[in-house]
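Trainee: I would like to learn how to read a model like this one. Can we go through it feature by feature?

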Amino acid sequence: MSVKMQTERYQGVTSRVQWIGIAIMAAMVVLCIQFWRLQVLSLNEFSQLAENNRVWQKRLASDRGIIYDRRGDILADNRASADVVIVPGECPPELLDTVCARLETWIGIDAEELRERIDTHRSAPFTQLQVKRDVTKADRVRIEENLHALPGVTTIVHPQRRYLHGETAGQIIGYLGEINRDELERYADHGYVLGDLIGKGGLERYYERLLHGQDGYMLVTRYASGQPQLRTDKSGRPYIARRDTRGHLLSTEAQPVLPRSGEPLHLTLDIPLQQHCEMLLRGQQGAIVVLDADTGAVLAMASAPGYDPSVFVNRGMSGERLELLSGKKPNRMINRGYREVYPPGSLFKIMLAAAALEEKAADARTRYYCPGHFQIDGRGRRWHCWRRTGHGSMEVVEALAYSCDVYFYNVGLKLGVDKIQHYSNLMGLGVVTGIDLPGEQAGLIPNPQWKDAINADKPVWDRQWYPGETVNLSIGQGAAATTPLQNAVMTACIVNGGYRVRPYLWQERERLRSERIFSETTVEQVIKGLLLCVEKGPPAPTGTCYRAHIPGMSMIGKTGTAQVVSLSHIEHYDDEEDIPYHQRHHAWFVAGVLDRSPRIALCVLIEHGHAGGAVASPVARDVIEFFYANQRDDPSLMLADKE
Amino acid sequence: MAYAGRQVQYQDISVTLFNPRNLLRIDWWLVIVAIALAAVGWFVMYSAARSTDIMYFHRQIIFFFLGIAALAAFVCIDHRFFVGIAPMLYLGAIALLVVVSFFGTEVKGSERWLALGPLRLQPSEFSKLVMVFMFAWYFTKLGSRIRRLHWFLFTFVIAAVPMALILKQPNLGTAACLGPLTIAMLYVAGCKKWHLAMIIMLGLSLLPVLWWQMKDFDPETPTEPRLFFELRHYQKMRIYTYLHPEYDPRGSGWHTLQSRITIGSGGLSGKGYLQGTQTRLNYLPEHHTDFIFSLLAEEFGFLGAMAVIALFLILLLRGLLFAYDGADMTGTLLATGVVAILAFHIFVNIAITTGLLPVTGIPLPFLSYGGSFYMTTMAGIGLLLSVRLRKQSLSHADMHSPVGHIAIYAAKK
């Protein structure tokens, strides 16, 4: 084989080879510089990134605290709820469609929707995607028996809130919902993450920190190919899946910091009583508040209509959820006991009588004559007494017993609006009572400053406070607005001898009681009047609320009627049955029991119930009878350590 | 070997086509450096294989010995024989590339394999060496005529045919390898410098074309290439993630990001052998093939990486010395070509692991897993040794070499 070749090297070839060598050396120097930058200059940064890759903190969610009533009945606890989840990264891509289709036939989810969700999460294939929340036991068994046919699918058991008494005390217990941005900021230091459930209403919200407990965590080594998945064993205990799909061992780096369960919450509520109250309110709108008059412990705070908090935590009730939150009237979400305000009506006379006696604006002997109407200085507008024929000459005890408007017009004018407001607030009217529930309404007791402020843009005659307004306020009409709870607190103040108590629901909450507001003689006079109120005779019923009378019980009571529209507006109806429902008065009744233990104070409000004496007082009587009857059944349930 | 022992008339001198005695006269410097790198490769491969499949380690050792056989073959066979039949090799390589593009099996969307029974070959790997021979033949044939523009440009025609076939596979890395090879051999062959400068300028002026291709690129919507020179979606994707590594950190950008983390967290002296967390936990992708150098940098640190880069540099410069100190043009060209291929792979592979260049499949000589490429590398080393031998045999005739004496003596017995 012979080939003609020119194999002599030309002049200068060596220098060209040299240049190639220089180019190679330059390239290697570039690499060296890059390694210096990465490994020496940025070592810390990259070490941290590698460490973040390696170790992963897996959160262990805490159990929410259990809520008990005062008898130890469970109101809210946690049950094991199973979710079906899929980790797309653990399923061979070609099987994903089959798995979705199987899930559709077995547990009835929408395969297409799931497939779409998997696609949108494809950048993070090792996150658990929820397939179905809170599956039934049958579904769970079906999934767990067929896990081999469902790669990537697993069931996760976690505690789910359970409200055992349905609607009973639903508004007080409240409900859970997913944490929002504001709450996330507010609880920033407590380890909440997006997607956590948090108390959204009632006690669940008020005692969120107590009930939530402390989340734990465990550190686990994380493989790129399979993030450790938090799984639960048969009993619902969380553990880390120790091997990923490729069989790599996932070892824990440190002992797990176990979660601390939420504190149990023992309430002062008496669930049978609460249920009874709710039963009494069924079909109406209104509220019943029962307090331990000496401590302020809330024994019952029923409100109708109510709702079942389970709606917010259970699956497949979104329709009801939406309806509840739609704001449709009547609003079932708010507890009318402390979140709705009504004019106090004649209940205000209790406060006024006590204030007048305390301020010496009137004493036990002071008499005013009631001709059935009232005029300031005998001139101008006439204010009527509810009894058009008049009550005649009245002392404070009688005035309370018969609820004589004219007597209180006189006393109110003499006392003046500032004193009225002062004593109202002292007794808890028009101010927040401080109950341990969120969203309490303060209500309002009007005064000249208030009127001036809200009418700031109006002419002076609209801003001015007129004596007539004081007259109106004296019988609890006009702008006055109070909650049933406030009226119960006011009644408790009379029952316990002149102390304002702070109502509370959590037994361990600090009990607050004001300095004595009224002297013994003041309270004595007021009690005398209110006792007479419920006196049934013999010889004849004396007071306005004899229907509440319980033989052999020393009981005080007072009716009230809160006008929704002015009296003249509905006067032309002959029969009260003819008055349209929404124009009827609200019916009030407060009562107190003096000679039983515990001494209780209660307030009944029936919206549009028309007359307190006829509608609300039998309800109160029923509540009191029920309470003490059950109390007798079980004397060990007396509230401990009375102060 | 059909030609073993036959005397062939070649350029007025008769040479022994197949001469096993050559093995005794090889340049031991180059061999020791190559074996040192192969040993480093075993260590690192063991570490990489432990977290994937230990089979890779075993196979890599087998590849080494196959490579040694290839090296020995290239030492024993006179390289001028291959140069002589280079046009035939060239046509054969093109034929194989055509065959593989029709009958080959596709792996990971890019590499093409030819399955011959139990063997799986990558013709595109071997075509690199064929191109070295082809250019050596062409430039030796031309001599100083390479300074004429049309002969200069015809070089690119020779290069373009296999390049286009490899690109079509599509195997961007191997095709790109042929570029520097052509440029380096042209330069050493003695072309006019301004011709070369023009070509390089022309190449750079293609960047606007690339920019034009990339300007409307949307990573979310894969589009079929409409024009023949348009890049595939996954290729555009690689360029895109090179420019925007923060996009899709779990996808293509993941490779670069995790490789940089792997290297950076190694520090000065590394995490220790078999202690690299990034590798153990599978964060480093392709850690037994293209990203094996990151594993080395993680476990042996900056010092280890520098040591291996130094070994590579010694290897390349030693090879280049053979070109510098060559006896004839053919040897100089062959040595330049082999060094160019090796240097390209070493530089580009390591630059990719450190995030200097966009991710594309370029294996690292001696370290990356892969039989075809290992054999190509070892054959290239054998070729370098052969070039050196030619110089020696010209300066000292076989009979005058003491080693040669012994060899002949041994042969006679």
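Mentor: Start where the chains touch: 51 residues of chain B are in contact with 44 residues of chain A. In contact means that the C-beta atoms of two residues, placed from the backbone, lie within 7 Å. This is a predicted model, in which local features need pLDDT of at least 70 and side-chain atom pairs count only at pLDDT 80 or more, while totals for chains, interfaces and linings use all residues. Residues are numbered from 1 along each chain as its sequence is written, and chains are lettered from A and ligands numbered from 1 in the order in which they are written.

Trainee: Which elements give two or more residues to the side of chain B that touches chain A?

Mentor: Elements come from DSSP runs, numbered from the N terminus: helices are H or I with at least four residues, strands are E with at least two. On this side of chain B they are strand 1 (7–10), helix 5 (123–142), helix 7 (172–189), helix 11 (252–264), helix 12 (277–280), helix 13 (292–324) and helix 14. Helix 13 of chain B gives the largest share, 12 residues.

Trainee: At what angle do helix 1 of chain A and helix 14 of chain B pack?

Mentor: Axes are lines fitted to C-alpha atoms, for helices over the stretch in contact, and angles run from 0 to 180 degrees between N-to-C directions. Helix 1 (residues 13–41) of chain A packs on helix 14 (residues 329–353) of chain B at about 15°, with the axes 10 Å apart. The two helices are therefore roughly parallel to each other. Angles under 35 degrees count as roughly parallel, over 145 as roughly antiparallel, 65 to 115 as roughly perpendicular and the rest as oblique.

Trainee: Which residues in the two helices meet?

Mentor: From helix 1 of chain A come Val13(A), Val17(A), Ile20(A), Ile24(A), Ala27(A) and Leu31(A). They meet Thr332(B), Thr336(B), Ala343(B), Phe347(B), Ile350(B) and Ala351(B) in helix 14 of chain B. By class, this contact has 10 nonpolar, two polar and no charged residues.

Trainee: How do helix 6 and helix 7 of chain B cross?

Mentor: The axes of helix 6 (residues 149–168) and helix 7 of chain B come within 8 Å and cross at roughly 170°. That makes helix 6 of chain B roughly antiparallel to helix 7 of chain B. Among the residues of helix 6 that meet helix 7 are Thr155(B), Ala159(B) and Pro162(B).

Trainee: What share of each chain is buried?

Mentor: A residue is buried if 20 or more other C-beta atoms lie within 10 Å of its own, exposed if 12 or fewer, and partly exposed in between. Buried residues make up 43% of the 643 residues in chain A and 48% of the 413 residues in chain B. Chain A has 23 helices and 20 strands; chain B has 16 helices and five strands.

Trainee: Which residues have the most contacts inside the largest nonpolar core?

Mentor: A nonpolar core is a set of buried Ala, Val, Leu, Ile, Met, Phe, Trp, Tyr and Cys residues joined through C-beta atoms within 7 Å. The largest has 123 residues, and Phe133(B), Met134(B), Ala136(B) and Met185(B) have the most contacts inside it. Helix 13 of chain B gives the largest share of this core, 18 residues. A second, separate core of 122 residues includes Val406(A), Leu473(A), Ile494(A) and Leu531(A).

Trainee: Is Gly345(A) buried or exposed?

Mentor: Gly345(A) counts as buried because it has 25 C-beta neighbours inside 10 Å. Gly345(A) sits in the loop between helix 12 (318–325) and helix 13 (348–358) of chain A. Leaving aside neighbours within four places in sequence, its contacts include Gly476(A), Gly560(A) and Trp588(A).

Trainee: And where is Pro225(B) found?

Mentor: Look in the loop between helix 9 (207–214) and helix 10 (233–243) of chain B. With 13 C-beta neighbours inside 10 Å, Pro225(B) counts as partly exposed.

Terms used: Ala, Val, Leu, Ile, Met, Phe, Trp, Tyr, Cys and Pro count as nonpolar, Asp, Glu, Lys and Arg as charged, and the others, Gly among them, as polar.
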